[in-house]
Amino acid sequence: MKFGSFSELYEDAKECENVDEFIERWENEIRLKKTPDDNIVLLLRFIYEVAHMSIKDIWEYLGMPRPQFCEYYEIKQRTLEDWEYGKNPVPQRMIKLLSYTLVEDYLS
(Lines give C-alpha, C1' and ligand atoms only; values in the text may rest on other atoms or scores of the structure.)
Protein backbone atom coordinates (compact mmCIF):
# COMPACT_ATOMS: atom_id res chain seq x y z
CA MET A 1 0.00 0.00 0.00
CA LYS A 2 1.36 3.40 -0.92
CA PHE A 3 2.00 5.76 1.95
CA GLY A 4 -0.36 8.40 0.52
CA SER A 5 -3.28 5.96 0.50
CA PHE A 6 -2.40 4.72 3.97
CA SER A 7 -2.14 8.28 5.26
CA GLU A 8 -5.62 9.14 4.01
CA LEU A 9 -7.09 6.01 5.61
CA TYR A 10 -5.14 6.58 8.82
CA GLU A 11 -6.33 10.17 9.23
CA ASP A 12 -9.93 9.20 8.53
CA ALA A 13 -9.73 6.28 10.97
CA LYS A 14 -8.54 8.63 13.71
CA GLU A 15 -11.62 10.78 13.17
CA CYS A 16 -14.21 8.01 12.96
CA GLU A 17 -16.13 7.30 16.13
CA ASN A 18 -16.09 3.55 15.61
CA VAL A 19 -14.64 0.89 13.37
CA ASP A 20 -17.96 0.06 11.70
CA GLU A 21 -18.37 3.65 10.50
CA PHE A 22 -14.81 3.60 9.14
CA ILE A 23 -15.33 0.30 7.32
CA GLU A 24 -18.62 1.49 5.84
CA ARG A 25 -16.89 4.58 4.41
CA TRP A 26 -14.05 2.66 2.76
CA GLU A 27 -15.00 -0.94 1.97
CA ASN A 28 -16.04 -0.13 -1.59
CA GLU A 29 -13.11 2.18 -2.34
CA ILE A 30 -11.73 1.29 -5.73
CA ARG A 31 -8.10 1.79 -4.61
CA LEU A 32 -8.53 -1.07 -2.15
CA LYS A 33 -9.79 -3.50 -4.77
CA LYS A 34 -6.26 -4.83 -5.23
CA THR A 35 -6.84 -6.54 -1.90
CA PRO A 36 -8.97 -9.70 -2.12
CA ASP A 37 -12.58 -8.82 -1.20
CA ASP A 38 -12.65 -10.98 1.90
CA ASN A 39 -9.57 -9.19 3.21
CA ILE A 40 -10.66 -5.57 2.68
CA VAL A 41 -12.71 -5.49 5.86
CA LEU A 42 -9.89 -7.13 7.83
CA LEU A 43 -7.39 -4.62 6.44
CA LEU A 44 -9.65 -1.68 7.28
CA ARG A 45 -10.25 -3.05 10.77
CA PHE A 46 -6.48 -3.33 11.28
CA ILE A 47 -5.82 0.20 10.00
CA TYR A 48 -8.48 1.52 12.38
CA GLU A 49 -6.86 -0.35 15.26
CA VAL A 50 -3.39 0.90 14.36
CA ALA A 51 -4.61 4.50 14.04
CA HIS A 52 -5.72 4.37 17.66
CA MET A 53 -2.50 2.90 19.09
CA SER A 54 -0.17 4.80 21.36
CA ILE A 55 3.59 4.55 20.95
CA LYS A 56 3.63 2.02 23.79
CA ASP A 57 0.87 0.00 22.11
CA ILE A 58 3.01 -0.14 18.96
CA TRP A 59 6.15 -1.49 20.57
CA GLU A 60 4.15 -3.92 22.67
CA TYR A 61 2.28 -5.10 19.55
CA LEU A 62 5.63 -5.75 17.89
CA GLY A 63 6.60 -7.87 20.87
CA MET A 64 9.85 -6.03 21.32
CA PRO A 65 11.34 -4.96 24.61
CA ARG A 66 11.72 -1.19 24.80
CA PRO A 67 15.54 -1.25 24.23
CA GLN A 68 15.20 -3.43 21.12
CA PHE A 69 12.42 -1.20 19.74
CA CYS A 70 14.59 1.87 20.30
CA GLU A 71 17.57 0.31 18.62
CA TYR A 72 15.57 -1.00 15.65
CA TYR A 73 13.84 2.33 14.97
CA GLU A 74 16.80 4.48 16.05
CA ILE A 75 14.91 6.25 18.81
CA LYS A 76 16.71 7.25 21.99
CA GLN A 77 15.32 5.30 24.94
CA ARG A 78 14.93 8.49 26.97
CA THR A 79 12.94 10.04 24.12
CA LEU A 80 10.63 7.04 24.00
CA GLU A 81 10.14 7.19 27.77
CA ASP A 82 9.36 10.91 27.56
CA TRP A 83 6.75 10.17 24.89
CA GLU A 84 5.23 7.32 26.85
CA TYR A 85 4.93 9.29 30.08
CA GLY A 86 3.60 12.42 28.41
CA LYS A 87 6.63 14.59 29.13
CA ASN A 88 6.89 15.36 25.41
CA PRO A 89 4.32 14.69 22.70
CA VAL A 90 5.07 12.02 20.12
CA PRO A 91 5.51 13.71 16.75
CA GLN A 92 2.45 12.67 14.76
CA ARG A 93 4.56 12.01 11.68
CA MET A 94 6.61 9.50 13.71
CA ILE A 95 3.59 7.61 14.98
CA LYS A 96 2.07 7.58 11.50
CA LEU A 97 5.27 6.17 9.99
CA LEU A 98 5.49 3.50 12.68
CA SER A 99 1.83 2.65 12.07
CA TYR A 100 2.54 2.38 8.36
CA THR A 101 5.24 -0.21 9.06
CA LEU A 102 2.68 -2.28 10.98
CA VAL A 103 0.25 -2.19 8.07
CA GLU A 104 2.98 -3.06 5.57
CA ASP A 105 3.97 -6.04 7.74
CA TYR A 106 0.29 -7.05 7.95
CA LEU A 107 0.00 -6.97 4.16
CA SER A 108 3.13 -9.03 3.53
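The following legends describe close-up views of a predicted model. Local features require pLDDT of at least 70 and side-chain atom pairs count only at pLDDT 80 or more, whereas totals for chains, interfaces and linings use all residues. Residues are numbered from 1 along each chain as its sequence is written, and side-chain values use heavy atoms, with hydrogens and water left out.

View 1. Buried denotes under 20% relative accessible area, exposed over 50%, and partly exposed in between (1.4 Å probe, protein chains only). Helices are DSSP runs (H or I, at least four residues) numbered from the N terminus.

View 2. Arg 66, Phe 69 and Cys 70 are the buried residues of H5. Viewed down the axis of H5, these residues fall within an arc of 100°, so they line one face of the helix; the arc is that of the directions from the helix axis to the C-beta atoms. The buried residues of H5 pack against H4, H6 and H7, whereas the face turned away from the buried side carries the exposed residues Glu 71 and Tyr 72.

**View 3. Glu 74 in the loop between H5 and H6.** Glu 74 is found between helix H5 (66-73) and helix H6 (77-84). Just after H5, Glu 74 takes a positive phi of about 55°, in a residue other than glycine. Glu 74 is exposed, with a relative accessible area of 75%.

View 4. Asp 12 lies in H1 and counts as buried at 16% relative accessibility. Not counting residues up to four places away in sequence, Asp 12 touches Phe 22, Arg 25 and Trp 26; contact means heavy atoms within 4.5 Å.

**View 5. Tyr 106 in helix H7.** Tyr 106 is found in H7 (residues 92-107). At 35% relative accessibility, Tyr 106 counts as partly exposed.

Key: Helices (H or I, at least four residues) and strands (E, at least two) are DSSP runs, numbered from the N terminus.
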